Amino acid sequence: MARRVLLGLLLLLGWGICMGDVHPNKVNILFVGAHPDDESTAFGTMARYVLDGGCKAAVITATRGEGGGNAVGREQGHALGIMRELEEREALRVIGISQVYYLDQLDGGFTVSAKTAEQAWGHEDLVERLVRYYRLLRPDVVITMNPWPTGHGHHQYIARLATEAFHEAAQSDVFPRQITDEGLTPWQPRKLYYALEYGDGGLSPDLKVDLSDTSKSRVVTYAAIKRRALRAYRTQGWDASDDGIPSTTGYEPFMRAFSFIPVAPGIETDLMGGILTSVLGAPVGLQISVVPQDYRATRGASSVLEVKIRNESDIGLKAVECQLETPWGTARRTVGDLGTGQAYHFTQGVEVPATAPSGPAALVAHVSWTGGQATVRCPIEVTPEVTAELAPTPALSDFREWAHRWGLDAMIHVVPAEVTLGSGQSGTIPVLVGNRGQKPLTVEVSAACQGITLPPAPRQVVVRPGETRTVPIPASVPPEIETGAFPLRAVVRAGEATEVSEGYAQVVPTLKVPMVAHGLTLDGNIDKYKPFKYHIIPFDRLWEGHTQGPQDLTGRFWVAHDDKNLYVAVDVVDDVVVSNIAPDDNKAHWRTDAVEIAIDPKGPGVSQTTLTTFKVGIIPFNTSQHAMAARDADASPGPIEKTAPGMRILSRRTTHGYLVEAVIPKSVALKGARTFGFNVMLYDNDKADARVGENAGHARTAWSAWKDVQGTPRLWGHAVLESAR
């Protein structure tokens, strides 16, 4: 009993230290996610600070997960959303969090596009709602998902929204009626982190929170607490597995996007460092930021830095000075005394020598006062007058524009650009060439990629001052290269300056669709396809998960057409055929064994999202042993009976797995196109005892296999309809 009382007093003391005499609504940590369970990327971290650190945390979730699977019942849509909300609240209670708020957006079909999510959810209203929560809850630290343009589009978009609100909540002229009519005040969170557990997208963690430590209040590791919280998500099937979360080891990784307080160099280990505890001798509450006017600093030109110092500590600072240190010199600014609540702001010009080497550089601000000093580093990139860049995809370009607008320039070139080309086809490699100088530049542009035919001589162009132009480099792929990613270099030379941009040429497979004089019968007999060429999906052509060998998951398919229909037959080798989806649960085919057929009628590689495509998932055997199919996250999602009039399917078991046949009306899928994007994807569930509705998929292969390929039409293969012979 005495031990419990002592523990309670210690926790109350911690609460007092953490909260102090502050606004009663205040939280220390705020997690912003897209779906219930997204906050699991920080379960262990929040458990550490809430259960044992005396902190208070809250979670904001955009949707209620209405579009997911249901491993425990038949509920779908809004009913499923109610269940997922209950699960989220239960999971968060495990780690001591009771405050959960929803932005009331619908969880639609899976997408890998932030733009698609924005079209579905809108923008201004969501930013305003998030700003309201920030101003009301006054978080010190905001954690959100990874905004990098890979993975789930909802994750990307909620991270963008959370980032924008992080900055705008501090601006009194942004949503001013919240201040004049609702009684709120501007609020600037101190730090913003992106959770990287669902995929880092090439980003490196700045913070790693160890989960192997033992919780003093729960007497188990934080990893074990995380696993216990995850089990609350029964509709996800997580109560029946450990989900790979070890009970004693591991860490949660985060990238620090912004910090307005000093942080220790290297990898952080304390999320609340600088907020609850002093860092590098700086008093808790001292805010310092150094922001360049332009992340890219041109050689031979000037760059402007904006420096802000704000003293929110409980002590006054005497004789404050700021020394700016660059690779090319230093500058000193006398600030004077800075009392509690006072701020100082100034700009400083920096001359970049014409001889400065290109590449990353650091600007350092040393802020000193009587009895102490703090240091803040700001990365920049030094460039010559000429710039070179492999043209990004529209999704990547959209992200880069957003990142530049919100001061995340250092993230812009982490993931290389990609150019998609068809096997045996010709195309172009677009190179963006810019002139950041004051005079016209004569520029030579060339590209190199092993295995792909490119012009031997560079192209010569003239680029005017301030201009950026696209220079297309012709490229052709030999037919013997069917698929793969090949390192690609664009080289731009202007006088003595040479700039290089590196990326990848992504080769996708191609096929010709033979024409038949008469329609093919839907009868489960593949003999009728034998006059035509078949296409192999090897067991190791994976885009997610893992396979055990050819017997685990191998496929071959045929495609043909007549005047009205496409005919597709897919023969699948699968040593464990699972039937765990009920007839009234015709969606989310990835939960079980399934075949997905994807068609882009806009043309090969044209559509930037799946909203202009035809994408259908065929479940060969539901729990009643019948085939069913539904369009997914495309131009018209839902069961084919409603969304693909005239489409017919058939399935049958074979000695080695199963066979699926489909008749797809051209009027539904092709819209008059003769050349189109095309893909066949296989989904494998080897859990023979999978519960009804459980998401137990473990492997995904495809004819054109790339990460996130199900939502990325530009990475589907290329197809063309042949005429009658």
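This is a predicted model: local features need pLDDT of at least 70, side-chain atom pairs count only at pLDDT 80 or more; totals for chains, interfaces and linings use all residues.
Helices and strands here are DSSP runs, numbered from the N terminus.

**View 1. Leucine 408, in the loop between α9 and β17.** Start with the loop that links α9 (394-405) to β17 (417-422), which is where leucine 408 is found. Its relative accessibility is 4%, and anything under 20% counts as buried, so leucine 408 is buried. Look for alanine 257 too: it is 151 residues away from leucine 408 in sequence, yet their C-alpha atoms are 7.3 Å apart. Setting aside residues up to four places away in sequence, leucine 408 touches Thr163, Tyr194, Ala257, Phe258, Trp402 and Ala403.

**View 2. Helix α2 crossing helix α8.** Here we have α2, residues 43-51, and α8, residues 222-230. Their axes come within 8 Å and cross at roughly 110°. Angles from 65 to 115 degrees count as roughly perpendicular, so that is the word for α2 and α8. As for handedness, the crossing of α2 and α8 is right-handed. On the α2 side, the residues that meet α8 are Phe43, Gly44, Ala47, Arg48 and Leu51. Their partners in α8 are Tyr222, Ile225, Lys226, Ala229 and Leu230. Sort the residues of this contact by type and you get seven nonpolar, one polar and two charged.

**View 3. Arginine 631 and its polar partners, aspartate 634 and serine 636.** Arginine 631 sits in strand β31, which covers residues 628-631. It counts as buried because its relative accessibility is 7%. The side chain of arginine 631 makes a polar contact of 2.7 Å with the side chain of aspartate 634. That arginine 631 side chain also reaches the backbone oxygen of serine 636, at 3.5 Å. Leaving out neighbours within four places in sequence, arginine 631 is in contact with a list of residues that includes Thr613, Phe614, Lys615 and Val616. Also among its contacts are Pro637, Gly638, Ile640 and Val668.

**View 4. Proline 583, in the loop between β28 and β29.** With a relative accessible area of 41%, proline 583 is partly exposed. Threonine 623 is 40 residues away from proline 583 along the chain, and 6.8 Å separates their C-alpha atoms. Not counting residues up to four places away in sequence, proline 583 touches Asn622, Thr623, Ser624 and Met628.

Definitions and conventions. Residues are numbered from 1 along each chain as its sequence is written. Side-chain values use heavy atoms; hydrogens and water are left out. Axes are lines fitted to C-alpha atoms, for helices over the stretch in contact, and angles run from 0 to 180 degrees between N-to-C directions. Helices (H or I, at least four residues) and strands (E, at least two) are DSSP runs, numbered from the N terminus. Angles under 35 degrees count as roughly parallel, over 145 as roughly antiparallel, 65 to 115 as roughly perpendicular and the rest as oblique. A crossing is left-handed if the near helix is turned anticlockwise from the far one by less than a right angle, and right-handed if clockwise. Contact means heavy atoms within 4.5 Å. Ala, Val, Leu, Ile, Met, Phe, Trp, Tyr, Cys and Pro count as nonpolar, Asp, Glu, Lys and Arg as charged, and the others, Gly among them, as polar. Buried means under 20% relative accessible area, exposed over 50%, partly exposed in between (1.4 Å probe, protein chains only). A polar contact is a pair of N or O atoms within 3.5 Å; within protein, one must be able to donate a hydrogen and the other to accept it, and residues adjacent in sequence count only if both atoms are side-chain atoms.
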